[in-house]
2 protein chains.
Amino acid sequence: MDFEYKMVIVTRGNLDLSPGKLAAQVAHAAVACALSTKKNNSKWFNKWQNEGAKKIVVKVECIEDFFPLKEKAEQLKIAAYLIEDAGHTEIPAGTKTVLGLGPAPGNIIDQVTGDLPIL
Amino acid sequence: MDFEYKMVIVTRGNLDLSPGKLAAQVAHAAVACALSTKKNNSKWFNKWQNEGAKKIVVKVECIEDFFPLKEKAEQLKIAAYLIEDAGHTEIPAGTKTVLGLGPAPGNIIDQVTGDLPIL
């Protein structure tokens, strides 16, 4: 199943969010990536939807780890959205919380996130 | 701010998911609801996007609580998606995990979920 289409959302280990707040941030990233890919790469988007729209949530240590992942994804023409929180609740406005990537074919997106542990 | 557009994702208190698994389920619901509303009610979708695409994660006690919420949302022409897990990991296939609702104007969606606590 290595070549299955998937979306990967990357979270930060050093940001202490409640499960509900984390889920909302992941949802922001997922919606942004889905809409972008639907618009810009409908082939990838449709294949992903037809396979069940797989989503994986993984983690990195800290915010600095987001940037090389985002850059590599963009080089591979994978949708990449770094989400900033509006700051209404648990964390300051503008805090970068999660990085959404994809959807993309597994063999391509795994070049970016294949080594990251599942959250 | 009662009339702000928002999406509400309802989780179940009695389903023990890891934070990453919960976030993926919430993301499934958010993407399904966003795409459906974009297609079927572009006015609501565009207003929600332009206001920052607010998403709230709330909770109910158990699965039976999902059904009246879904029915009421549908009566109000709000997108409503009950997510079933594919069962690859923590829980049996077909388990209903979360209910996505909206986006919709706050004064309408609050008729469905306004009394539910934030997760």
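Where is Lys77(A) found?

**Before starting**

This is a predicted model, in which local features need pLDDT of at least 70, side-chain atom pairs count only at pLDDT 80 or more, and totals for chains, interfaces and linings use all residues. Residues are numbered from 1 along each chain as its sequence is written, chains are lettered from A and ligands numbered from 1 in the order in which they are written, and side-chain values use heavy atoms, with hydrogens and water left out.

Colour the model by pLDDT, the predictor's confidence in each residue, from 0 to 100. Chain A has a mean pLDDT of 93, and 97% of its residues reach 70 or more. For the complex, the predictor gives an ipTM of 0.93 and a pTM of 0.94.

**First stop: the two chains together**

Display chain A and chain B. Chain A superposes on chain B by a rotation of 180 degrees with 0.0 Å of shift along its axis, at an RMSD of 0.0 Å (least squares on the C-alpha atoms of residues with pLDDT of at least 70 in both copies). That is the relation of a two-fold axis. The same surface serves both copies, since 100% of the contact residues of chain A recur in chain B.

**Second stop: the interface**

Select the residues in contact, meaning heavy atoms within 4.5 Å: 22 residues of chain A meet 22 residues of chain B. The chains bury about 1,600 Å² between them, 80% of it on carbon and sulfur atoms; buried area is the accessible area (1.4 Å probe) that two parts lose on being put together, summed over both. Within chain A, select Val31(A), Leu35(A) and Lys55(A), which lose the most area to chain B, together 30% of what that side buries.

Next select helix H1 (19–40), helix H2 (42–50) and strand S2 (55–60) of chain A, the elements that give two or more residues to the side touching chain B. Helices (H or I, at least four residues) and strands (E, at least two) are DSSP runs, numbered from the N terminus. H1(A) provides the largest share of that side, 13 residues.

A salt bridge places a side-chain nitrogen of Lys or Arg within 4 Å of a carboxyl oxygen of Asp or Glu. Select Lys54(B) and Glu4(B), which form one with their closest N and O atoms 3.1 Å apart. Lys54(B) lies in the loop between H2 and S2 of chain B and Glu4(B) in the segment before strand S1 (5–12), so the pair ties together parts that are 50 residues apart in sequence.

Select Lys77(A), in the loop between helix H3 (66–75) and strand S3 (80–84) of chain A. Lys77(A) has a positive phi of about 65 degrees although it is not a glycine.

Finish at Pro103(A), in strand S4 (residues 96–105) of chain A. The peptide bond from Gly102(A) to Pro103(A) is cis, with omega near 0 degrees. In chain B, a cis peptide bond joins Gly102(B) and Pro103(B), with omega about 5 degrees.
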